[in-house]
Amino acid sequence: MDDPYPPFGELDNLLKGEVLTDTVSRTLYATDASVYRELPMAVVMPRDATDIALIVGFAARHKIPLIPRGAGTSLAGQVVGHGLVVDLSHHMNRILHIDAKEKWAEVQPGVVLDDLNREAATHGLFFGPETSTANRCTLAGMVANNSCGSHSMVYGSTRDHIIEISGCLSNGEEVTFRPLQKWEFDKKCRDETLEGDIYRFFREVYTDRQIRKQIRKEFPHPDIHRRNSGYALDELLDTAPFKPDSDAPLFNLSKLIAGSEGSLLFITSVKVALVPPPLPNKGLLCVHFTSLREALEANILAVEHHPDAVELMDHNILELTKGNSLQRSNRFFIEGEPAALLLIEFSGASDDEVIHKSGALISAFKKNNYGYSYPLVSGPDINRVWNLRKAGLGVLSNMKGDARPVSLIEDTAVRVKDLPAYVEAIDQMLAKYHKNCVYHAHVGSGELHIRPVLNLRHPDDIKLFRQIGEETARIVKSFRGSLSGEHGDGRLRGEFIPLMVGTDNYELMKKVKTIFDPDGLFNPGKIIDTPPMDSSFRYTEQKEMPITKTVFNWSDDDGLMHAVERCNGSADCLKNSLAGGVMCPSYRGTRDERHSTRGRANILRAFLQGQNSGAALTTNDLAQVLDLCLSCKACKNECPSSVDMARLKAEFLQYMYDQEGTPFTARIMGQLPRINRIIAPFFRIYNLLIRTQPVKQMMWRFAGITKERTLPAFSSKRLDHWVFRHPQRKNKTKLKTIILLADEFTNFYDGNIGIKTVLLLRRLGYYVQLAPVKESGRTQISKGLLRKASAVVKHNLLQLKGKISNNQPLVGIEPSTILTFRDEYPDLAPQSLRQTAREIAKNTFTIEEFLATEMKNGNIRTSSFTSEAKTIRFHGHCYQKALSDTSFTKQILSFPENYMAEEIQSGCCGMAGGFGYEDNHYSLSMKIGELSLFPEVRKTPESTILVSAGHSCRHQIKDGTGRTALHPVEVLFDALL
C-alpha cells in the first residue's frame, strides 16, 4: 500500500534499520498478549543506539508517539498504541560484555533472557530474575515491567539487579543513569540540560517532608516486594543523599526506569548484576490439596520454611493442561483430581539436605492436616513440572466458548498472610456477578494471577470488565497491596493508579512524566493518562465472516474463529533454536514476526474480523504470511494454546484458491501421488532423466522446483507389487494381523524400506496385509487442496471401515502419512463417517509406536536380534514430535542388547515435504537445516548410524550434509539374527 504517513520516508532514509508501513506489518504489531488492539502508524527496527537517537529526534520533530517493544508479551497493553512501534528485538540483541570477575553484563535492549543466561553460564553466573517467558522475553522488556519470576523469593525483581541504564531522553540527549555519590548528584543538578532538570526535580521532591510522608503512607506495604503500581517513587526515598545513614544505597535513577514501561527513557543498553548459580541439588515438592483455601493457608506455613519458590496451580488450570499433548505428559506427578497444587522448590548442597528440608515441611503440613499427597520430584523431571506451571497462561486459551479467563485482576500482590482473606474477598465480589475465575502463580511472594471468566464480545461482560477491575482495586487497596506485582499497569490498570497511591502521589507521577517527556511522546497512555481500560479490545464485534463454509470440521474448536483466537499472544513461538523444540521453524530462520505462529494468527484473526477499517487485509496479505509456514505441526504440540497453524493454513489456502484459482505448482505438488502412478511404469527412464539439466530446467520453469535439489528417484521395486508377488501364509503366524499403509512416498520412492518392514514384521511373527488405499491425502492437505483431500479421506474410510481394530491396527512407515489418519481424518470426514474416522484413528500407529508397544508387552524379544554393539543417532520427524513421541524411536533402536540410541537435539529439518523443493523456499529450507540438524550430523562420527523416519528428513540430510540416514526399520531389519 502507499505510505499513509509521508514523514516515514524521511525516517527510512536516515536509518540503517528498516521502516515498515505496509498493512501486514502494522497489523502484526497492533497487539501484544493483552486484550487490547490498536493499529500503529508504522514499525521500525533500529540496528543500533545511533538509529534510536535518530528515531527519537524524528519523533520529536513530527510529534509522533514512540512505542518501544521487545517480544510483545506484555499482558496489560504496554506495547499497544497509535504511534511508531520500535521493535528492539530484531537487530539490537547482542550481549555487549560480560565481566565475570565483577559479576555484571552489559546488553542491548533486545537480548533474550535465556540467551544471556546461556552465555553467563560459561562464566559460572546467571541473571537471577526469571520469567515464564524466559526463552523469548527481552531484557529491556523485563526492565520496563520490572519482571520477577517464580524465584523472586530468592532473587527479587529485575530492579534489584540493575546497575545502570543508558538511553535517550525525549529531547534526544543520551544519558546513563547509574549509582551516584553525593558530589556526583550535586554536579548533575548543576547541569543546564534536560538531565540536569530531572535531577533538580527529584532533589526538590525528596527534600519535601510532606511528599515523603504521603509516599510512605499511600504506597503498597513495604513487606510486599512485588510492587509495580505507577512509578516507583518509594524506591528512591531512602537513598543517599536524602538519607544520612552511611549504609544508605546510592541514588540511581535506573531504579525508577525499571517499571516505567518505556514512558520515561528510550533504552539503548542495560548493565545488570549477575549472581552465582543456585545450589546444585534441587527438589520440587508438589503438594495436593482438596480446596484452594487449604492451599493458601498451607502457603503461609510453607514460606516459613524458606523455600526457593512456591507456586500455585488451581483445578481449572490443571484441567486445561489436559487439552495440550505436551502438557499432558508433564502431568505425570498428579494424583487424583486436586483442587489446587503448591509447587515448592528447595535447594541444597546435597540431595540429603533437600530431602531433609522437604521432609520437615511435609511433617508440618501433616501436623496441620494440610494436603493429601506430597510427591517430591527431582532431576530432569523438575523442569517438566515447571513447564506445566509455565504453560498456565497459554492453556487458558483452550477453554471452550466465547467466555475466557481474561487478563484483568491477574497481577495483584498482597502480604502472604493476607492471601486467604484476600481471595475470599475476591470470590465474594465475583459471586455478586455470578462469575468464577482461575487462580495460579506466585503465592510464595503474595502474588496471584487471578483471571475472571468473561466474554468480551458481550456488552454486559464488557461492562463487568470495568466494574470488576475497579472493585478489585478497592479490595487490593484495603489490604494495602499492589494492583500490579510484575506485569505492570499499561492501559489495563493505569486508570486505577490514583486509587492505589492516592491522588497527590498520582499528580506527582504526572509531574515525573512531564519532566522526562514534556510532549508525552514516549509510550503515551501507559501508567499516566491512560485511555479507558475497557476500550480498544482485540475481540471487536466482527463483520460478516468472509469464510462462510469450511472444509475442516471446526466444531471441536467452537468454529474457525475460535481456532484462530486460541493464540493469546504469549509468543512461545518466538523462541530460537537454542531453546529446544521445533516451533516455529520459519520464524527461527527469518526472525520475522510475520513468519511466526503468533504473527500468522494475528493476521488471520484481523482478516476474519474485518479489522483495520480503511486498511483492510487482502488474500494477498494472507498468502504472504502463510507462504513460509512449513506445516510442521509443532505449534499444535508446543504452543500451550495448541494453535494448529498447519490446519489453519490449509483451510485458508482452500479459501484463497476458491477466490482466485489454484496455482499450477500447488496442483502439481498436491496431486503428486497420482502423477507418480502415471510415471511409475517408466521409472528407469525417469530416474535417468531427473539427473539431467534440461529436465531440471523444465521442472523449475513449470513446477517451481529448485535446480539446486536432487530429486527423489523411484525405487526399483514397488512395495505393493512386491507384497502381491510374495504372499504370506497366515497360518504360519503367531501374533496379530497388521494392516500396513503402503503410503505414497514409501510405495514409490522407498520401496526397499517398505519391503524390509514387511520382512521384519513377518520374521517377528506378524501377519501383514497392505491397507486397501492408494494414498493418504497428505500432499493435498499440505497444499491446501482440502476438497480433493476430503474425497481421498472419504474413499479411504469406506475402504477401511470394519477392518481396523485393536487386534488389527493400521500401521505406517512414513510419519507424515500415517499420522494424517490420526490427526486430520476425523475432521475431514463427512459426518456419516466421522465416528468411523475416530475409531480408526484410535487404532492407527507409526511403526515405531507399534514395535515399542509390542516390545514392552513381551511379544518381541531381544533374542531375535544381534548382540553386536552399535551406536545410533536419530533425528525425529516433526509429526512424530507433535503428534506422537520420539521416545518410541529411542526405545526400538535401543532394544537390541548392545544398541545405544541417542536423539539429535534438532528442530525441523527444513524440508517439510514439498516446501524444500520449491525454488522460492529452498534457501530458507537449507537455513533451517543449518540451525541445528546439519551441524549435529556433521559432527557425528562415520561409524555412528544416522537414522530418521521421515522421507523428507532423510533427503534433507543427504542434500545438506552428504550423509545417508536410514529408516529405523532398516536398522532393526539388519539387526535380525
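How many aromatic pairs does the structure hold? The structure holds 30. Rings of Phe, Tyr and Trp (its six-membered ring) pair if their centres lie within 6.5 Å; planes under 30 degrees apart are stacked, over 60 edge-to-face, the rest tilted.

This is a predicted model, where local features need pLDDT of at least 70, side-chain atom pairs count only at pLDDT 80 or more, and totals for chains, interfaces and linings use all residues. Residues are numbered from 1 along each chain as its sequence is written, and side-chain values use heavy atoms, with hydrogens and water left out.

Two of the pairs are tabulated here.

| Pair | Centre to centre | Angle between planes | Type |
|---|---|---|---|
| Phe-126 and Tyr-155 | 5.2 Å | 90° | edge-to-face |
| Phe-266 and Phe-522 | 6.1 Å | 75° | edge-to-face |

Phe-266 lies in strand E9 (residues 266-273). Phe-522 sits in the loop between helix H20 (503-516) and helix H21 (560-565), 256 residues apart from Phe-266. Helices (H or I, at least four residues) and strands (E, at least two) are DSSP runs, numbered from the N terminus. Phe-266 is buried at 2% relative accessible area. Phe-522 is buried at 2% too. Buried means under 20% relative accessible area, exposed over 50%, partly exposed in between (1.4 Å probe, protein chains only). Phe-126 and Tyr-155 are also buried.

Ring pairs also build a cluster, with Phe-177, Tyr-199 and Phe-516 among its members.

Helix H38 (residues 847-856) has 8 of its 10 residues buried, so it is largely enclosed by the rest of the structure. Phe-850 and Leu-851 are among the buried ones. Gly-858 follows H38, with a positive phi near 85°.
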